[in-house]
Amino acid sequence: RRQRQMCIRDSCRYAYMTEDGKCEIKLTEEEKTWWIDSAKKTVDKIIEKNVDNEGYTFVLSEDYKELQVFANKDGKLSEFQADITNLVYAIEIIQLFSGADDWNVVITVTNTENGVEIAKANCPKEELIIEPEMWDE
């Protein structure tokens, strides 16, 4: 294994590239807890800031496996993309650092104007795609 030292937020962690091309990260329990807690704070912050958002809101299952998005076409797309990207990254950290061998989150997007499900994806295996014409279905 090749060893690399990663410096993240003023703390050094060790990562290894395994022979099969995977990345293996060595963390203490304290470091693992810090990563999980930080990711959960990110999730909470994003969900809480969008509770009263008229453009889109998020509902995440307790096991971090299902993310429901309630949105309308008038929501700020750039802000939505940043929030969903940060949520998926945080969910990945929570699941993997909690001991999962693999991670996934099913994202369902529902149009709040008519209640129609316009997109669904099982990330990371599938990409979430929302096209402008989907809002009119």
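**Group meeting talk: pockets, core and hairpin**

Helix H2 gives the most to the lining of the largest pocket, with six residues. Helices here are DSSP runs of H or I with at least four residues, strands are E runs of at least two, and both are numbered from the N terminus. Some ground rules. This is a predicted model, where local features need pLDDT of at least 70, side-chain atom pairs count only at pLDDT 80 or more, and totals for chains, interfaces and linings use all residues. Residues are numbered from 1 along each chain as its sequence is written, and side-chain values use heavy atoms, with hydrogens and water left out.

Back to that pocket. It holds about 480 Å³ of space. Of the 23 residues that line it, Leu-77, Phe-80, Gln-81, Leu-128 and Ile-130 are the closest to its centre. By class, the lining has 13 nonpolar, five polar and five charged residues. On the terms: a pocket is an open set of points on a 1 Å grid over the protein atoms alone, where a 1.4 Å probe fits, with protein on both sides within 12 Å along at least five of seven lines; lining residues have an atom within 4 Å of a point. Volume is the space filled by probe spheres set on the points, which are joined across faces, edges and corners. For the classes, Ala, Val, Leu, Ile, Met, Phe, Trp, Tyr, Cys and Pro count as nonpolar, Asp, Glu, Lys and Arg as charged, and the others, Gly among them, as polar.

Next, the second largest pocket. About 230 Å³ of space lies there. Again H2 has the largest share of the lining, five residues. Strand S3 (23–26) also supplies at least two. The lining includes Cys-23, Glu-24 and Ile-25, along with Tyr-89, Glu-92 and Phe-97. Seven of the lining residues are nonpolar, none polar and two charged.

Now the inside. The largest nonpolar core has 32 residues. Such a core is a set of buried Ala, Val, Leu, Ile, Met, Phe, Trp, Tyr and Cys residues joined through side-chain atoms within 4.5 Å. Buried means under 20% relative accessible area, with a 1.4 Å probe and protein chains only. Val-43, Phe-58, Leu-67, Val-69, Ile-84, Val-105 and Ile-107 have the most contacts inside the core. H2 (77–97) is among the elements giving two or more residues, as are H1 (29–49), S4 (56–60), S5 (66–71), S6 and S7. H2 gives the most, with nine.

Take Leu-67, in strand S5. Leu-67 counts as buried because its relative accessibility is 0%. Leu-67 and Ile-107 are 40 residues apart in sequence, yet 4.7 Å apart in space, C-alpha to C-alpha. Outside four places in sequence, Leu-67 is in contact (heavy atoms within 4.5 Å) with residues including Phe-58, Ile-84 and Val-105. By the same rule, Ile-84 is in contact with Phe-58, Leu-67, Val-69, Ile-107 and Leu-128.

On to the hairpin. S6 (105–111) and S7 (117–123) run antiparallel, joined by six bridges. Strands pair if DSSP finds at least two bridges between them. Val-105 stands opposite Cys-123. Five residues separate the two strands, and Gly-115 in the turn has a positive phi of about 75°.

Most residues other than glycine have a negative phi, and most peptide bonds are trans. Tyr-64 is not a glycine, but has a positive phi of about 60°. Tyr-64 sits in the loop between S4 and S5, and counts as buried because its relative accessibility is 17%. A cis peptide bond joins Cys-123 and Pro-124, with omega about 10°. Pro-124 is found in the segment after S7.

Note on methods. Buried means under 20% relative accessible area, exposed over 50%, partly exposed in between (1.4 Å probe, protein chains only).
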